[in-house]
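These are my notebook entries on a structure that I had not examined before. I set down what I looked up, entry by entry.

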Amino acid sequence: MENIAGRKSGVAWAVHLAVAAMVLLWLIPTVGLFVSSFRDRDQISQSGWWIAPLPVDLTFRTRVAADGQREIDGAFVIETSVFADDSLARWFPGGAGQVTRFGTRGAAPTEFDAGTTAELRGGGTLTIAADGQAVLRSGDAFERPVTLYFEARIPPRVTTQNYETVLTADGMDRAFINTLTVAIPATVIPILIAAFAAYALAWMDFRGRGVLIACVVGLLVVPLQLALVPLLNLHNQIGIGQSFLGIWLAHTGFGLPLAIYLLRNYMVGLPRDIIESARVDGATDFQIFTRIVLPLSFPALAAFAIFQFLWTWNDLLVAKVFLPAGSDTQVMTVKIADDLLGSRGGDWGILAAAAFVSLAVPLIVFFTMQRYLVRGLLAGSVK
Amino acid sequence: MPPVLQGLVTILVGVFGCVAYFYASNWLLDRVIFPARGPDPGRNINRANLVRPWLFLFPAIFALGLYLAYPVVGSFIRSLYNRAGDEFIGLGNYIDLFAAPGFRTALLNNFLWLFVVPAAATGFGLMAAQLTDRLSWGNIAKSLIFMPMAISFVGASLIWKFVYANNPDIGLINAVRSAFGAGDPVDVIQIPFWNNFFIMFIMVWIQTGFAMVILSAALRGIPEETIEAAILDGAGPFRLFFQVKVPQIMGTIVVVWTTITILVLKVFDIVYTMTGGNFGTHILPSYMMSFMFRDDGRATAVAFVIMIIVLPVMIWNIAQARKEMR
């Protein structure tokens with residue numbers, strides 16, 4: 001409709017650019033962590049993830065043993081390849097690589113171009129060719145190993161090592177199953193309870209209905225924090241303690257107001273004729289609910305299920321309070337926030353991989369069921 | 001029993017238990033207590049219909065009462081007792097809290113969050129909704145801006161911790177700074193006061209998609225005639241937006257704003273993961289967690305302060321709901 005006034009193309013371009021900039025700002029951080037989850041520790045600290053697809057120049061140190069020297073024309077010569085060092089084998093598979101610069105001192109590891117000749121500090125000269133071939137030449141015999149520095153071009157590499165480490169050694173596999181164990185019952189049970197209550201609030205006439213709806217709206221806002229101490233004490237008193245049963249009950253209670261509110265809003269909008277005519281035909285409320293209202297409310301049920309699943313899957317607070325702290329009951333958010341950030345604080349590859357293990361399921365749910373999610377959001381907020 | 005099996009059993013027991021309860025209670029009501037026969041079947045049917053709503057509502061009311069209504073009272077009472085819970089100290093916990101500099105910082109930061117996050121998220125969301133409205137690739141753009149909604153607060157914090165990292169080869173902010181020739185890298189999480197804004201932005205990043213989706217639907221609901229008339233009267237795109245469209249969706253903007261406000265008062269995950277409350281970044285939910293398991297009296301007192309801050313929103317929400325029902 002806005003086009004009728006003849007929108008200027010300049011404005012249209014500005015809109016395209018502004019949206020593109022915003023999408024990039026919203027997307028880049030996630031992409032950065034995702035790319036980093038496929039890089040190892042050294043790559044992450046040596047070069048930014050934004051140049052991950054490009055080869056990078058890294059500096060290495062190697063020691064050349066003195067026992068390989070030969071005496072040629074009165075000079076002592078060591079010929080070797082800088083890539084032969086066992087400790088560098090993982091960087092140079094097959095002992096091949098490309099040297100760009102080299103040096104003789106740790107303070108200036110890239111002083112000379114590959115192929116040139118440099119003075120050694122202990123006397124003598126050093127040449128390192130681009131293919132890694134090093135020639136050390138001196139008038140006196142080499143007595144100690146010589147330390148060399150060189151910079152080599154490393155092609156981009158992709159590794160799944162982080163994911164393997166996280167899933168095997170760091171116990172994310174266990175945490176994944178725990179998260180699933182928490183999320184699914186905590187999603188299924190509130191739906192049923194809420195659906196019956198929502199039907200009563202939407203289609204049954206009784207005294208106090210208005211007050212009850214107002215209560216649900218009010219409880220929607222009650223901060224979770226209030227519930228933590230009294231309920232944990234209650235759970236301890238009745239013998240549930242910190243356990244999966246406790247967290248299922250807690251999530252059920254906390255999820256109910258939103259469930260009832262969403263479902264009631266949706267059910268009120270169902271066509272009155274269908275329900276009235278079913279009543280006239282002699283259907284009981286129970287039959288109307290199970291045969292008519294429940295199937296028709298599927299979109300709202302799906303929307304709430306997605307919400308509740310994302311919420312319980314991503315929750316940190318309730319899991320910290322209602323589950324015991326041991327590693328066999330930790331969910332993934334607790335594992336990452338309490339365990340990995342502490343013990344692996346600087347190891348971004350591991351942290352990134354752990355984050356994406358925990359994000360995979362919500363992202364799949366999100367992208368496959370976005371339609372229902374949007375519909376649910378709208379049912380809850382727009383009148 | 002392994003937890004997974006326990007989970008399956010719980011689903012079965014929960015689902016069958018619910019169905020069995022509803023079915024059995026209805027059956028009992030219709031066939032045994034008030035059967036539609038006998039001397040006065042009509043009266044029995046009416047009586048049954050009086051009771052039935054409460055059968056449908058009972059499990060929900062029970063759970064809501066126990067898990068949300070009772071804690072409001074329970075927390076308040078607990079907050080009047082000392083750490084061990086055996087001595088009544090009146091408002092002692094509250095007095096101690098307001099004397100503690102950490103609490104005052106958290107309270108101040110929390111008000112900062114309450115103003116900045118909903119405003120920024122609603123603003124960005126409105127902008128995104130309007131700009132993507134007639135774009136050929138608008139749906140893809142919306143989907144990508146909406147995506148952080150699916151990400152946990154912990155995951156989002158990790159994502160942004162990476163962006164904020166000190167090392168210019170890791171953190172984008174410091175990479176951009178060093179590309180422009182700035183000297184030493186800065187740790188934005190440790191800059192006094194301003195670090196709060198960097199942490200808040202994570203929440204804005206997550207919530208903008210939510211605001212965008214709802215406001216976008218509201219924008220589409222605006223009657224075309226008003227826009228048409230404004231264009232014919234010569235309104236430019238900016239006047240059209242601010243003076244014709246925004247006033248018409250004000251109600252929805254307020255709903256989005258309050259929803260995000262409420263969320264801000266619940267979320268402790270971001271501060272907990274980013275700083276653990278160090279460098280003066282505590283907000284009330286995270287400050288409360290620092291007392292959890294240590295001093296229940298203090299923890300419940302902080303929680304109740306949050307409740308008091310939420311109260312105006314709650315009252316406004318209930319008033320709105322009552323208005324709609326009429």
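**Entry 1: the model and chain A.** I note at the outset that this is a predicted model. I looked up the make-up of chain A and found 14 helices and nine strands. Along the principal axes, the C-alpha atoms of chain A fill a box of roughly 115 × 70 × 30 Å. I recorded that 53% of the 383 residues of chain A count as buried. Taking contacts in chain A between residues at least 6 apart in sequence, I found that 70% join residues at least 24 apart.

**Entry 2: Val64(A).** I looked up Val64(A) and placed it in strand β1 of chain A, which covers residues 56-64. Is Val64(A) buried or exposed? Its relative accessibility is 7%, and therefore Val64(A) counts as buried, the cut-off being under 20%. Leaving out residues up to four places away in sequence, I listed its contacts as Ile78(A), Thr80(A), Leu136(A), Pro145(A), Val146(A) and Leu148(A). I also noted Thr147(A), which lies 83 residues from Val64(A) along the chain, while their C-alpha atoms are separated by 6.3 Å.

**Entry 3: helices α4 and α10 of chain A.** I looked up how helix α4 (residues 172-203) and helix α10 (residues 298-314) of chain A pack, and found an angle of about 145° with the axes 9 Å apart. The crossing of α4(A) past α10(A) is right-handed. Which kinds of residue form the contact of α4(A) with α10(A)? I found 13 nonpolar, four polar and no charged residues. From α4(A) the contact includes Phe176(A), Leu180(A), Ile184(A) and Thr187(A); from α10(A) it includes Leu301(A), Phe304(A), Gln308(A) and Trp313(A).

**Entry 4: helix α12 of chain A.** I looked up the buried residues of helix α12 (residues 332-343) of chain A, among them Met332(A), Val334(A), Lys335(A), Ile336(A) and Leu341(A). What covers the buried residues of α12(A) includes α4, α10, α11 and α13 of chain A, together with α6 and α12 of chain B.

**Entry 5: Gln370(A).** I placed Gln370(A) in helix α14 (residues 370-381) of chain A. At 17% relative accessibility, Gln370(A) counts as buried. Apart from residues up to four places away in sequence, Gln370(A) touches Val365(A) as well as Ser143(B) and Phe146(B).

**Entry 6: cysteines.** How many disulfides does the structure hold over all chains? I found zero.

**Entry 7: positive phi in chain B.** I looked up Phe193(B), a residue other than glycine with a positive phi near 65°. Phe193(B) lies in the loop between α7 and α8 of chain B and is partly exposed, with a relative accessible area of 43%. Phe279(B), also not a glycine, has a positive phi of about 60°. I placed Phe279(B) in the loop between α12 and α13 of chain B, where it counts as partly exposed at 40% relative accessibility.

Terms used:
Residues numbered from 1 in each chain as written. Chains lettered and ligands numbered in written order. Predicted model: local features only at pLDDT ≥ 70, side-chain atom pairs only at ≥ 80, totals over all residues. Heavy atoms only, no water. Helix = DSSP H or I, 4+ residues; strand = E, 2+ residues; numbered from the N terminus. Buried < 20%, exposed > 50% of the residue type's maximum accessible area, 1.4 Å probe, protein only. Contact = heavy atoms within 4.5 Å. Disulfide = S-S within 2.5 Å. Axes fitted to C-alpha atoms, helices over the stretch in contact; angles between N-to-C directions. Left-handed = near helix turned anticlockwise from the far one by under 90°. Nonpolar A, V, L, I, M, F, W, Y, C, P; charged D, E, K, R; others polar.
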